[in-house]
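Here is a short briefing for a first look. Keep the sequence and the 3D view side by side as you read.

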There are 4 protein chains.
Amino acid sequence: MDKGRLEAFSDGVIAILITIMVLELRVPQGADLAALRPLLPIFLIYVLSFVNLGIYWNNHHHMLAATDRINGKILWANMHLLFWLSLVPFVTGWMGENNFASVPTAIYGVVMLFAAISYTILQTMIVREHEANARLAAAVGKDVKGKLSLFCYILAIPLAFVHQFISNGLYVFVALMWLIPDRRIESKLNK
Amino acid sequence: MDKGRLEAFSDGVIAILITIMVLELRVPQGADLAALRPLLPIFLIYVLSFVNLGIYWNNHHHMLAATDRINGKILWANMHLLFWLSLVPFVTGWMGENNFASVPTAIYGVVMLFAAISYTILQTMIVREHEANARLAAAVGKDVKGKLSLFCYILAIPLAFVHQFISNGLYVFVALMWLIPDRRIESKLNK
Amino acid sequence: MDKGRLEAFSDGVIAILITIMVLELRVPQGADLAALRPLLPIFLIYVLSFVNLGIYWNNHHHMLAATDRINGKILWANMHLLFWLSLVPFVTGWMGENNFASVPTAIYGVVMLFAAISYTILQTMIVREHEANARLAAAVGKDVKGKLSLFCYILAIPLAFVHQFISNGLYVFVALMWLIPDRRIESKLNK
Amino acid sequence: MDKGRLEAFSDGVIAILITIMVLELRVPQGADLAALRPLLPIFLIYVLSFVNLGIYWNNHHHMLAATDRINGKILWANMHLLFWLSLVPFVTGWMGENNFASVPTAIYGVVMLFAAISYTILQTMIVREHEANARLAAAVGKDVKGKLSLFCYILAIPLAFVHQFISNGLYVFVALMWLIPDRRIESKLNK
């Protein structure tokens, strides 16, 4: 089965999600800089979610580039990932409009945790289909970053009730960890 | 005529529909878990519609993968299918915001019934264009699932006025029937 | 210059426009059939605009399929067409919410007229770039349908102030004229 | 690394942004031409932003067409560009709904300036990856237009507080500068 349409459909969904979020930045009433001030928390969380969706697209791109073929299970594992990602604009808006309150911050972590779990499931399905593909296995490796992300999200959910900035700090940490270029993997893929 | 753009356009429309639905999950006023409770029916029906659109995309993907060429009639049969699918976000929102009331539940069935009919028409057009294509004929087969889906939707529409949970049960049954992997077909396609 | 991205971008924009229109079908307050009644004019005009955008996509698909290469002017002529098409959801909503009043009906015609003019410009640019391409010239032919559409829209704009149903009849007539399969062209393309 | 998905994803995001803006043109209450009058400034700025996004898509298309391969840094530089472009519908709406007031006009310039800077970064990354690619180097050239655009935006931001029409004039000037076909570059690309 060809992977072309799986990529195109995922590109479409992630592109729409990343742009739908900006609709939460509602045009303010006033025409001065003060009118923008209440939008600041919404803008900050928008940047975080934009980066997070960008990371998912990036990783999805890399993983699929090393994939030769897909099957029915992979199609549904991918749809499962897209489902959790589709909730990102909702939790982004809820958290932004409530000034990073505890419950929305925790629920943001829940959605990010399930997105990370569903990505891990998709990755496992693809690796299983490509047992002899050393290039994919090397690209995924021990997936230390993936495991660390899962751990951070699990930690961040209860900690939102201690202080929400601990959770937000963890979310930013996970995003930065993925943003830092990982030369080791890229060099292996380019071999 | 090349099938590439037909696939790309359908991917685009289905990707947008699947993500537009999440806009119905409006960011609630409060910042506690209680604020999420009124969203629960909307969320449940969102999951059902997400799965349904995912099934259509999946089946469309499989059918087109076994298709060699398209013609003008197939283009319009496809547009007809996309028209009925485009009404899914509307009926999803109406049903969700009215707590699964009878009329919206029945209308949901009407839209799903017409989507299923238009898919059957598209399938018939494609099979007719590929008379000698044994691979496509085998993939479509007797289309037992397709016929059973049509039957369930026809049943669900009047039964919504007896009790809407019968209809909702039927909708969930149809979705599950398609979600369960059908190894027989996949193995035939992989031959 | 490759035509792939021009097709992909146009597919994306038209797919979004065709699905954005359904957002005008706002979820009604009540849960009975009476709640749907005020939506009927909006629904009818939605069907018309869906078909019109479908026709544009279809014709765009056929024309580009017969195109070998594009240039900077074609890129901008295409962007110009997309601009007028992007106004279709707005005029569709305005006409639907005002029960086919005269002014919105006339403005609908103005937008459709400019869309048709911009399509003609795009077609002329492409034909000029492919002077020796007999296949494209045959596919476009004398463009009787295109000229008749322009004429109907020019007629429909002032007639909306006599009675808006004359204009709406003309809009439906143009759509039906394009929907009826034109075997002559298809057979020429398939040669 | 293949550039196909980078193009597809960018096409998707820009196509969505260009069509999301039209949602700001809210369907007016009345059904006469007077009802359209308050929409005029929103419409004018919509045209400007449509053209600006069209220019970005056009230039992105040309640059990527001359690109052979991409790397991780280019992926993120592209995402950075898409981030700034994603803010265009917001500033377009804010400026349009406030009749070109000074602050929204200045902020429009800020967003356009950062979009132009991020495009320059992307261009630099791509040129660095293709050191020996004379075709790309020739296509980019001295990038006089790019530098002049940056300069105009830097000028327009403070001048919005002198008179906003100076800034708006500068925005229109930059757009026209890119719209005028640049035969020199096209002829070099076609060699």
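Is the crossing of helix 2 of chain B and helix 4 of chain B right-handed or left-handed? The crossing is right-handed. The model is a predicted one.

**Helix 2 and helix 4 in chain B**

- Helix 2 of chain B covers residues 40–65, and helix 4 of chain B covers residues 88–97.
- The two pack at an angle of about 155 degrees, with their axes 8 Å apart.
- An angle over 145 degrees counts as roughly antiparallel, so helix 2 of chain B is roughly antiparallel to helix 4 of chain B.
- Helix 2 of chain B brings Pro41(B), Ile42(B), Ile45(B), Tyr46(B), Ser49(B) and Leu53(B) to the contact.
- Helix 4 of chain B answers with Val88(B), Thr92(B), Met95(B), Gly96(B) and Glu97(B).
- By class, this contact has seven nonpolar, three polar and one charged residues.

**Helix 4 and helix 5 in chain A**

- Helix 4 (residues 88–97) and helix 5 (residues 102–129) of chain A pack at about 165 degrees, and their axes lie 9 Å apart.
- That angle makes helix 4 of chain A roughly antiparallel to helix 5 of chain A.
- Their crossing is left-handed.
- From helix 4 of chain A come Val88(A), Val91(A), Trp94(A) and Met95(A).
- From helix 5 of chain A come Pro104(A), Thr105(A), Ile107(A), Tyr108(A) and Val111(A).
- The contact has eight nonpolar residues, one polar and no charged ones.

**Where chain D meets chain A**

- Chain D gives 27 residues to the contact and chain A gives 24 residues.
- Helix 1 (4–20), helix 3 (72–86), helix 4 (88–97) and helix 5 (102–129) of chain D each supply at least two residues to its side.
- Helix 1 of chain D has the largest share, eight residues.
- The side of chain D that touches chain A divides into 17 nonpolar, six polar and four charged residues.
- Only 11% of the interface residues of chain D are also interface residues in chain A, so the copies meet through different surfaces.

**Where chain B meets chain A**

- Here 24 residues of chain B are in contact with 27 residues of chain A.
- Helix 1 (4–20) and helix 2 of chain B are the elements that give two or more residues to the side of chain B.
- The largest share, eight residues, comes from helix 1 of chain B.
- The side of chain B that touches chain A has 15 nonpolar, five polar and four charged residues.

**Chains without contact**

- No contact joins chain A and chain C, and their closest C-alpha atoms lie 9 Å apart.
- Chain B and chain D have no contact either, with their closest C-alpha atoms 9 Å apart.

Technical notes: Residues are numbered from 1 along each chain as its sequence is written. Chains are lettered from A and ligands numbered from 1 in the order in which they are written. This is a predicted model: local features need pLDDT of at least 70, side-chain atom pairs count only at pLDDT 80 or more; totals for chains, interfaces and linings use all residues. Axes are lines fitted to C-alpha atoms, for helices over the stretch in contact, and angles run from 0 to 180 degrees between N-to-C directions. Helices (H or I, at least four residues) and strands (E, at least two) are DSSP runs, numbered from the N terminus. Angles under 35 degrees count as roughly parallel, over 145 as roughly antiparallel, 65 to 115 as roughly perpendicular and the rest as oblique. A crossing is left-handed if the near helix is turned anticlockwise from the far one by less than a right angle, and right-handed if clockwise. Two residues are in contact if their C-beta atoms, placed from the backbone, lie within 7 Å. Ala, Val, Leu, Ile, Met, Phe, Trp, Tyr, Cys and Pro count as nonpolar, Asp, Glu, Lys and Arg as charged, and the others, Gly among them, as polar.
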